Amino acid sequence: MRVFNFNPGPAMLPTEVMEQAQHEFSDYHKTGCGIMEHSHRGAEFTEVIETAEKNIRELMNIGDEYAVLFIQGGASLQFAMIPMNLHVPGTSMEYADTGAWSAAAIKEAKFIGDVKVVCSSKDTKYNKIPDIRHWKLDAKASYLHITSNNTIFGTQYHSFPDSKVPLIADMSSDFMSRVVDVDQFSLIYAGAQKNIGPSGVAVVIIKKELVKRTPANLPTMLKYGTYIDSNSLYNTPPTFGIYMIRLVTDWMKKKGGLAAIETINDAKSEALYETIEEGEFYSNPVEPASRSKMNVVFRLPSEALEEKFVKEAKAKGLIGLKGHRSVGGIRASIYNAMPLEGVEKLIDFMNAFEKANS
Ligand SMILES: *Cc1c(COP(=O)(O)O)cnc(C)c1O
């Protein structure tokens, strides 16, 4: 039996997709072997990777001036590849510090050059996205980097800075969960394992002209140009992960695309926040204007009750609700694959738990 899985990542995938992958696992389209046993240069996988890219382009309305790449190493390798490829000598790289993942990106950029942190919500325990109007921006910076959704702290940008320099976003935990205007960005990246597939592959959407900046002496596998020139097939790519992205993006198209998915995500998060706000039992540390529609964090009156909550929820088939080890509390990650029904079951459980324990 499938449970409702609130894990932050790797996370729940659509049940229909899991079943389709199972169905064709050892015999893909009557070829007598599974897709991960096929050559990455054969006809079967060529169709898979081309369709995965086409689906992402269609769903996000991505223009030809952008490349869509599949790269191993997760979002964390992008923390390093971005400054390695896009730092302009003599300028600083700008970063908004809105949580642990922003801080991890900043750490890597500092190995490469001068970093300027344009805003930070660290002093208030990362409970908000700092007001964009007050950021200190430099029109000569190499780029401006933001983290569109802060997985651990439950915050999310609901509008993006109007940047004069190339805007770069780590969208790992809200990628393809809502309609975004890709043209606002020069580079978008996301580890697949939150919204669109398994771990082992990251999607990078990059304005092709940016690679002019890449230093010639950068090793081949670290250059964006290598992936652009080879359609992400310079070496053996993570074929199974790309295949899963293809299936998940097929599923997203069937659901009606990003606008339809966003409507469901809005309904899910609104219902959950309403339940948290209703009484005194549950509380949310995040400023209302910055609340995430993907990772809903909340507290109970005591840590002992939080522990009990997680345990009893699990017994009811609601798993993965424990907050990140660095912050504690409860976190419900409700990515695209989580149906409204799962959130409704969680809300029923929350109401019953409150009644029994307050
Ligand atoms: C999970 C996550 C990462 C790290 O992703 P990896 O693929 O494990 O490197 C980076 N940024 C954000 C916002 C995340 O949620």
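A polar contact is a pair of N or O atoms within 3.5 Å; within protein, one atom must be able to donate a hydrogen and the other to accept it, and residues adjacent in sequence count only if both atoms are side-chain atoms. The model is predicted: local features need pLDDT of at least 70, side-chain atom pairs count only at pLDDT 80 or more, and totals for chains, interfaces and linings use all residues. Residues are numbered from 1 along each chain as its sequence is written, and side-chain values use heavy atoms, with hydrogens and water left out.

**Stop 1: the ligand**

Select lysine 194 together with the ligand: an N or O atom of the lysine 194 side chain is 2.7 Å from a ligand oxygen atom. On its own the ligand has 380 Å² of accessible area, and the protein covers 87% of that (Shrake-Rupley method, 1.4 Å probe; for residues, only the protein chains shown count as cover).

Helices (H or I, at least four residues) and strands (E, at least two) are DSSP runs, numbered from the N terminus.

**Stop 2: the two domains**

Colour 15-254 as domain 1 and 257-357 as domain 2; the bounds come from an automatic or database domain assignment. Their centres, taken over C-alpha atoms, are 27 Å apart. Across the boundary, 25 residues of domain 1 are in contact with 25 residues of domain 2 (heavy atoms within 4.5 Å).

The area buried between the domains is about 2100 Å², with 55% from carbon and sulfur atoms (accessible area, 1.4 Å probe, that two parts lose on being put together, summed over both). Show Asn127, Ile152 and Gly154, which supply 22% of what domain 1 buries against domain 2, more than any other three residues.

**Stop 3: two backbone details**

Go to proline 10, in the loop between strand S1 (4-5) and helix H1 (15-23). The peptide bond reaching proline 10 from glycine 9 is cis, with omega near -5°.

Finish at asparagine 61, in the loop between helix H2 (43-60) and strand S2 (66-71). Phi of asparagine 61 is positive, near 55°, in a residue other than glycine.
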